[in-house]
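Thanks for sending this one over. My notes are below as numbered points, so please read them with the structure open beside you.

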Amino acid sequence: MCARFRTLSALAMWRSLEQWMSAKGLGTSARQLVKEMAGVKSMDVIIPLKRAAEEAQMRLRVVSTPEPELGQLLAHLGLRLPKGARQIANVVPKIAH
């Protein structure tokens with residue numbers, strides 16, 4: 001039952017992507033769009049900090065600048081990538097033993 005739901009959800013998202021592309025005048029080749037979007041890279045940079053006797057970390061998320069062709073595609077779709085680094089919270093809290 002769960003596998004069917006996942007399959008149906010994936011199909012619905014795929015069809016929605018195709019319709020969105022068609023509405024933007026880009027055809028319906030969702031596979032090609034997904035392949036092109038692989039050029040967008042995201043990375044978390046961890047910077048160690050020292051405050052008095054306490055050590056901490058600052059996490060920054062950065063997104064690569066896309067190639068000009070991909071940038072045009074994103075603009076045509078109305079998508080904007082973040083321009084600078086963004087501080088993010090630690091999503092997995094440390095467990096003290």
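1. Glu18 touches Gly27, Thr28 and Ala30, leaving out residues up to four places away in sequence; contact here means heavy atoms within 4.5 Å. Glu18 belongs to helix α1, residues 2–23. Helices (H or I, at least four residues) and strands (E, at least two) are DSSP runs, numbered from the N terminus. With a relative accessible area of 17%, Glu18 counts as buried. Buried means under 20% relative accessible area, exposed over 50%, and partly exposed in between, using a 1.4 Å probe and protein chains only.

2. A word on what you are looking at: this is a predicted model, in which local features need pLDDT of at least 70 and side-chain atom pairs count only at pLDDT 80 or more, while totals for chains, interfaces and linings use all residues. Residues are numbered from 1 along each chain as its sequence is written, and side-chain values use heavy atoms, with hydrogens and water left out. The predictor's confidence in each residue is its pLDDT, from 0 to 100. The protein chain averages 85, and 91% of the residues score at least 70. Where pLDDT is low, the predicted coordinates should not be read in detail.

3. How many helices and strands does the protein chain have? There are three helices and three strands, and from the N terminus on they run α-α-β-β-α-β.

4. Now the strands. β1 (residues 42–51) and β2 (residues 54–63) pair in the antiparallel sense over 10 bridges; two strands pair if DSSP finds at least two bridges between them. Ile47 has Met58 in β2 as its bridge partner. β1 and β2 make a hairpin with two residues between them, and Ala52 in that turn has a positive phi of about 55 degrees. β2 also pairs with β3 in the antiparallel sense, over three bridges, and Arg61 stands opposite Arg86 in β3.

5. Just after α3, Gly78 takes a positive phi of about 80 degrees.

6. Leu81 sits in the loop between α3 (68–77) and β3 (86–88). Leaving aside neighbours within four places in sequence, Leu81 is in contact with Val40, Val63, Ser64, Pro66 and Leu74.

7. Finally, the overall shape. The protein chain has a radius of gyration of 19 Å, whereas a compact globule of 97 residues would have one near 13 Å; the radius is taken over C-alpha atoms, and the globule rule is 2.2 Å times the number of residues to the power 0.38. Along its principal axes the C-alpha trace spans about 60 × 45 × 15 Å. Buried residues make up 10% of the 97 residues.
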